[in-house]
Every structure is written in structure tokens, then in C-alpha cells.
Amino acid sequence: MALLLTGMGSDGAAGMVALREAGAVTIAESEQSCVVFGMPAEAIARGGATHVASLLSMPNLIAESFKKRPAARAVSRTA
């Protein structure tokens with residue numbers, strides 16, 4: 001899971017796209033709660049955001065995303 005919060009530039013947007021392509025849940029902060037919407041806007045425009053959410057709604061979205069993911073499998077180790 002990755003979150004991209006308020007900020008300028010586009011370096012974080014490239015990372016979000018790579019994470020989403022790798023299967024991560026990615027959340028970009030919405031314009032309504034951003035101080036500077038530059039980087040989240042760029043991530044959204046590039047298709048890097050699975051979700052767009054306000055800062056206040058992110059905790060619930062994070063919890064719901066983890067509930068939907070399959071449980072981790074135990075890896076057996078033999079020496």
C-alpha cells in the first residue's frame with residue numbers, strides 16, 4: 001500500500017505508477033484536502049492512483065483495503 005500526500009513535482013507520481021503496476025493499492029490525496037495538489041494530481045493523471053481520497057477519509061480506506069486483501073500464506077522452511 002502506498003499513499004501520496006500533498007506536494008509539488010512529479011517524482012512521487014512515477015513511483016505510484018510503478019507500485020500500482022506491481023499490484024499495490026495506491027491512494028492519492030484529493031484536491032480538497034491538499035495544500036499543494038501538484039504531485040497527487042500528476043499521479044492521478046498517469047493512472048497511478050487506485051483511489052483518490054481526502055486526508056480524513058484515508059484511515060477508513062486503508063482499513064477497508066486491508067480487509068479485502070487475501071490473508072498472507074505461511075511459508076514453510078526446511079533446512
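I began with the surface of the chain, which exposes about 5,300 Å², with carbon and sulfur atoms supplying 57% of that area; accessible areas here come from the Shrake-Rupley method with a 1.4 Å probe, and for residues only the protein chains shown count as cover. I noted that this is a predicted model, in which local features need pLDDT of at least 70 and side-chain atom pairs count only at pLDDT 80 or more, while totals for chains, interfaces and linings use all residues. I also noted that residues are numbered from 1 along each chain as its sequence is written, and that side-chain values use heavy atoms, with hydrogens and water left out.

**Overall layout**

I looked up the secondary structure and found three helices and three strands, taken as DSSP runs (helices H or I of at least four residues, strands E of at least two) and numbered from the N terminus. Along the sequence these elements follow the pattern β-α-β-α-β-α. Of the 79 residues in the chain, 29% are buried, where buried means under 20% relative accessible area, exposed means over 50%, and partly exposed lies in between (1.4 Å probe, protein chains only). I then turned to contacts, meaning heavy atoms within 4.5 Å: among those between residues at least 6 apart in sequence, 66% join residues at least 24 apart.

**Helix 1 against helix 2**

The axes of helix 1 and helix 2 (residues 38–45) come within 8 Å and cross at roughly 35 degrees, the axes being lines fitted to C-alpha atoms, for helices over the stretch in contact, with angles running from 0 to 180 degrees between N-to-C directions. On the helix 1 side the contact is made by Asp-11, Gly-12, Ala-13 and Met-16, and on the helix 2 side by Met-39, Glu-42 and Ala-43.

I followed Glu-42 of helix 2 further and found that, leaving out residues up to four places away in sequence, Glu-42 touches Gly-9, Ser-10 and Ala-13. The C-alpha atoms of Glu-42 and Ala-13 are 5.8 Å apart in space, although 29 residues separate the two in sequence. Glu-42 counts as partly exposed because its relative accessibility is 29%.

I also checked Val-17, which sits in helix 1 (residues 11–21) and is classed as buried because its relative accessible area is 17%. Apart from neighbours within four places in sequence, Val-17 is in contact with Arg-46 and Gly-48, and its C-alpha atom is separated by 7.3 Å from that of Ala-49, 32 residues away along the chain.

**Salt bridges**

I found two salt bridges in the structure, each requiring a side-chain nitrogen of Lys or Arg within 4 Å of a carboxyl oxygen of Asp or Glu. One joins the side chains of Arg-46 and Glu-42 at 2.8 Å, N to O, and Arg-46 is partly exposed, with a relative accessible area of 40%. Another joins the side chains of Glu-64 and Lys-67 at 3.3 Å, N to O; Glu-64 and Lys-67 both lie in helix 3 (residues 58–68), three residues apart, or about one turn of the helix. Glu-64 is partly exposed at 37% relative accessible area, whereas Lys-67, at 63%, is exposed.

I placed Arg-69 in the segment after helix 3 and noted it as partly exposed because its relative accessibility is 43%. With neighbours within four places in sequence left aside, Arg-69 is in contact with Gly-23 and Val-25; Arg-69 and Val-25 are 44 residues apart in sequence and 9.7 Å apart in space, C-alpha to C-alpha.

Last, I looked up a nonpolar patch on the surface, formed by Met-1, Leu-3, Leu-5, Leu-55 and Phe-66, with about 460 Å² of accessible area together. Patches are made of residues with over 30% relative accessible area and no salt bridge, with like charges joined within 9 Å and nonpolar side chains (Val, Leu, Ile, Met, Phe, Trp, Tyr) within 5 Å. Met-1 of this patch lies in the segment before strand 1 (2–4) and counts as partly exposed, at 39% relative accessibility.
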